[in-house]
Amino acid sequence: MEKTIPYKIYLEEQEMPRQWYNVRADMKKKPAPILNPGTLKPITLEELSGIFCTELARQELDDTTPFIDIPQEIRDFYKMYRPSPLVRAYCLEKKLDTPAHIYYKFEGNNTSGSHKLNSAIAQAYYAREQGLKGVTTETGAGQWGTALSMACSYFDLDCQVYMVKCSYEQKPFRREVMRTYGAKVTPSPSMETEVGRRMNAEFPGTTGSLGCAISEAVEAAMGQEGYRYVLGSVLNQVLLHQSVIGLETKAALDKYGIKADMIIGCAGGGSNVGGLISPFAGEMLRGEASYEMIAVEPASCPSLTRGVYAYDYCDTGKVCPLAKMYTLGSGFIPSASHAGGLRYHGMSSTVSELYDQGLLKARSVEQTSVFQAAQTFARVEGILPAPESSHAIKVAIDEAMKCRETGEAKNIVFGLTGTGYFDMFAYQRFNDGEMQDYIPSEEDLAKAIARLPKVEA
């Protein structure tokens, strides 16, 4: 007889992780080192500490320590919204008439509305501990900027956010939440930085890119005493902090004796999917278990499925370190018609290496199908999902429908990274039938990839 699983599986407070898990420690072949953009040599702790907080730079370079203690002050903050629930999607299963069991890890039950707060509070904490005045950052869809502004407000730090211009204009309420928490929000590219002025001159009327906003934020940090730059995705340190998602997911599944068959996460820069899959990937790396793990990205920004695995700049202005990753080229700018988030030109070096080793699969999906999946989910599960999360929903539904055809009762787990209540402009375009699918041509991608830096292996 099947064991009845509650709709929402909460863990006790004492089961909330006390340590972050560093999946790189279990990787026999490590991600390639990040490089100093000036020397093209592996960057040192001292060099990296000029951009990031020293402790965060140390976490960024650490690929041998499997578990890193979560400071008590961060754990106390986490208690406001963690452990987050793992939910059995009974209503979605019924709607799809599938024998599959669908579970989602819901990260939208905090004020910022997404998983981004898991790393934002950690990065703000280390900035405060270092005695900094404030931090600068970029944000695309706005979740990271919202989370960081909340975290900085908690620790009384100044927060300066460069928001991709098309999102700044399309998501005014996300912008206003940041300002409510005390952040200064600037549309990017701006006329406040050298990089911004150069981009506006080279691409008149540009709607911006995440890579450009990163360059502006780094320039702003380096030009102000007592400031450092922080990033919400891509970096190893971010995946480390986001491992709380996967650790809690695995603890909840273990508590009820459930073995996941498939684990699905949306993928832009890698923060969500990397955090969700980390402990499961660790089991695979150690030979303890086997899972099918899928990273889902937009067809309009397909770094894993159509990019190249090479060293590239993490930003358009080429001031950040270089990382070996699956990339479309730092100069790639997604179409302004792309409304589903996940706009970064590359993928986390850790996620990229897991993908290259075959432990992780990748799929790209078109945005109209993503919003259709979001609508299906919202109508039966009662949560309006973030467009980013809906990429994972789309593939979870696809896999559940395959189970209906084969009769297999697979356990499908996906990450619901947050809510979509600040994304109504995109939902309006979908509901009005105005949303279009954009897929870059081979020529478009070839132009950006041709400008990759020449770095010896």
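Is G196 buried or exposed in this structure? In the predicted model, in which residues are numbered from 1 along each chain as its sequence is written, local features need pLDDT of at least 70, side-chain atom pairs count only at pLDDT 80 or more, and totals for chains, interfaces and linings use all residues. Side-chain values use heavy atoms, with hydrogens and water left out. G196 is buried, with a relative accessible area of 0%, where buried denotes under 20% relative accessible area, exposed over 50%, and partly exposed the range in between (1.4 Å probe, protein chains only).

G196 belongs to helix α9, which covers residues 194-202; helices (H or I, at least four residues) and strands (E, at least two) are DSSP runs, numbered from the N terminus. When neighbours within four places in sequence are set aside, G196 is in contact with P189, S190 and E216, contact being defined as heavy atoms within 4.5 Å. The C-alpha atom of G196 is separated by 22 Å from that of C301, a residue 105 positions away along the chain.

The axes of α9 and α10 (residues 210-222) come within 8 Å and cross at roughly 150°, the axes being lines fitted to C-alpha atoms, for helices over the stretch in contact, with angles from 0 to 180 degrees between N-to-C directions. The two helices, α9 and α10, are therefore roughly antiparallel, given that angles under 35 degrees count as roughly parallel, over 145 as roughly antiparallel, 65 to 115 as roughly perpendicular and the rest as oblique. On the α9 side the contact is made by E194, V195, G196 and M199, and on the α10 side by C212, S215, E216 and E219.

K171 lies in the loop between α7 (165-170) and α8 (172-180) and counts as buried at 7% relative accessibility. Apart from neighbours within four places in sequence, K171 is in contact with A141, M163, F422 and D423. Within α8 itself, R174, R175, V177 and M178 are buried. Viewed down the axis of α8, these buried residues fall within an arc of 155°, so they line one face of the helix, the arc being that of the directions from the helix axis to the C-beta atoms. The buried residues of α8 pack against β6 (134-139), α6 (143-154), β7 (158-164), α7 and β8 (184-188), whereas the face turned away from the buried side carries the exposed residues F173 and T180. After α8 comes G182, with a positive phi near 100°.
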